[in-house]
Amino acid sequence: MMKEKLLSDLKSRQAKIGIIGLGYVGLPLVLRFGEEKFKVLGFDVDPEKVRKLNSGQSYIRHIDAAKIQDLVAGKAFEATSDFSRLAEADCVIICVPTPLTDKKDPDMRYIESTGAALLKTLRKGQLISLESTTYPGTTEEVLLEKFKTTGLVVGEDYFLVFSPEREDPGNARFSTRTIPKIVGGTTPNCLEVGRALYSSVIDRVVPVSSTQAAELVKLLENIYRCVNIALVNELKLLTERMGIDIWEVIEAASTKPFGFTPFFPGPGLGGHCIPIDPFYLSWKAKEYDFATRFIQLAGEVNAGMPHHVVDRLATALNDRAKPVRGSKILIFGVAYKKDVDDVRESPALEIMEILKDRGAEIVYSDPYIPRLHKMRKYDLSHMTSVPMTEELVKSSDAVMIATDHTGVDYQWIVDHAAMVLDTRNACKSVTRNRDKIVRA
Ligand SMILES: NC(=O)c1ccc[n+]([C@@H]2O[C@H](COP(=O)([O-])OP(=O)(O)OC[C@H]3O[C@@H](n4cnc5c(N)ncnc54)[C@H](O)[C@@H]3O)[C@@H](O)[C@H]2O)c1
């Protein structure tokens, strides 16, 4: 029987693993399966990534090139853009992007094209696992529906699961192996094989009763973050008026040993997940004539934050008899969060756009982001990071800390700047010249 064969091949490490989409999610999985002595075949539509991986290079800062080199040298890993080779893999894991369209609807074209490629190669004995974050129903409505046309029977001939990724780039406390993994299968056999796949590389695998439940687990996790961040962002707007320090309040509330999880305000949401994933659920909810009001409200509050930060800057400049137009603004940190080399959906980009529209002269400095590329929404592609020299800081009308990278001497910045707009409480330990700091 197909199931027994696959279970035994997983146990003996004979099963070959295929991973589609070799980005922030797919690449750590490649390494994890490689560490456990599986042979891994990676698929990506980007030939440059394929070339770099096959020559042992990493393109993600926190992923060590030496680990890729070891796998490539040991013939345990190979990357390819040849999707006909999908048939070689016994287990195929899909980690392709799930962004939004301009109208904030799910952009399913990556999952659709992956499904179309798999349709050509699906064979008896394969397990397909979707990991891309998406709305409940995707695995069965998009993939299963396509695969039905092959005549192969799910749960008997091949197996289908959804298992959401929980990667937290840059978090040193947790690794792919130690973050518990949720799995839901289309049938009980699918779930059994899916559990066996992930149990071979992850310490704790948590089964749920369906692919739809597994899909919603991931969305709940991110909606929870999105809504709670919106809550503290709204409280920040209020406390600014009341003259209360929101950071002090959150830190004090965090001493409660039960029932309170701290979330922190900021210049807006960033990253591939939290600004995007909630809209996958609101879109699907419309099919059920249901309005997801918390998501809507959180979206409104969070989307307003970059504008709020710019307004605070404008007021602070005004207090110094300066207009925004013509002012020299140095943005420090454009990554979407500290210590990562990822600018996707970063609020710093929106802040720069708004400031540009208002006529400010902007430059940015970020040790992790040497240059900006054209993105879907923004064209800041001519910009490159400038070094934080004393001369630059002194000659700027304001320095805005948009991302609080660690290992930075914020006291030095405050000492030399005319004014520092701090959106992340990065200057909390600064003792001198605190009158130059504006919280936003
Ligand atoms: N980055 C995270 O921290 C994170 C965390 C949890 C979940 N996710 C989810 O995981 C999924 C992937 O995110 P990511 O951050 O790894 O994205 P990414 O952009 O870093 O990587 C995706 C990769 O897929 C490739 N690709 C695009 N279309 C393809 C196709 N049709 N076939 C093969 N490869 C293709 C791209 O070239 C890229 O290398 C998304 O659904 C995301 O929401 C990401």
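In this predicted model, eight strands make up an open sheet with mixed pairing, in the order β3-β2-β1-β4-β5-β6-β7-β8. A strand here is a DSSP run of type E with at least two residues, a helix is a run of H or I with at least four residues, and both are numbered from the N terminus; two strands pair if DSSP finds at least two bridges between them. The edges of this sheet are β3 (77-80) and β8 (205-208), each of which pairs on one side only. Neighbouring strands are turned by 25° against each other on average, with direction ignored; axes are lines fitted to C-alpha atoms, for helices over the stretch in contact, and angles run from 0 to 180 degrees between N-to-C directions.

Strand β2 (residues 40-43) runs parallel to β3 and is joined to β3 by four bridges; L41, for instance, has E78 in β3 as its bridge partner. Helix α1 (residues 2-11) lies across β4 (91-94), β5 (127-130) and β6 (159-162), and runs at about 60° to β6, where contact means heavy atoms within 4.5 Å.

The ligand is surrounded by 27 residues, of which V25, D44, K49, T98 and T133 are the closest; a residue counts as near if one of its heavy atoms lies within 4 Å of the molecule. This shell divides into 12 nonpolar, eight polar and seven charged residues, with Ala, Val, Leu, Ile, Met, Phe, Trp, Tyr, Cys and Pro counted as nonpolar, Asp, Glu, Lys and Arg as charged, and the others, Gly among them, as polar. Helix α5 (residues 109-121) gives the largest share of the shell, three residues.

An oxygen atom of the ligand lies 2.9 Å from a polar backbone atom of V25, and a backbone N or O atom of Y24 lies 3.0 Å from a ligand oxygen atom. For V96, the distance from a backbone N or O atom to an oxygen atom of the ligand is 3.4 Å. Taken alone, the ligand exposes 830 Å², and the protein buries 92% of that, with accessible areas computed by the Shrake-Rupley method with a 1.4 Å probe.

A further open sheet has five strands in the order β10-β9-β11-β12-β13, with parallel pairing. Because β10 (361-365) and β13 (437-439) stand at its edges with a single partner strand each, one side of each is left without a neighbour in the sheet. Strands β11 (residues 398-401) and β12 (residues 420-422) are joined by three bridges, and I401 stands opposite D422 in β12.

Residues are numbered from 1 along each chain as its sequence is written, and side-chain values use heavy atoms, leaving out hydrogens and water. Local features need pLDDT of at least 70 and side-chain atom pairs count only at pLDDT 80 or more, while totals for chains, interfaces and linings use all residues.

Definitions and conventions
A polar contact is a pair of N or O atoms within 3.5 Å; within protein, one must be able to donate a hydrogen and the other to accept it, and residues adjacent in sequence count only if both atoms are side-chain atoms.
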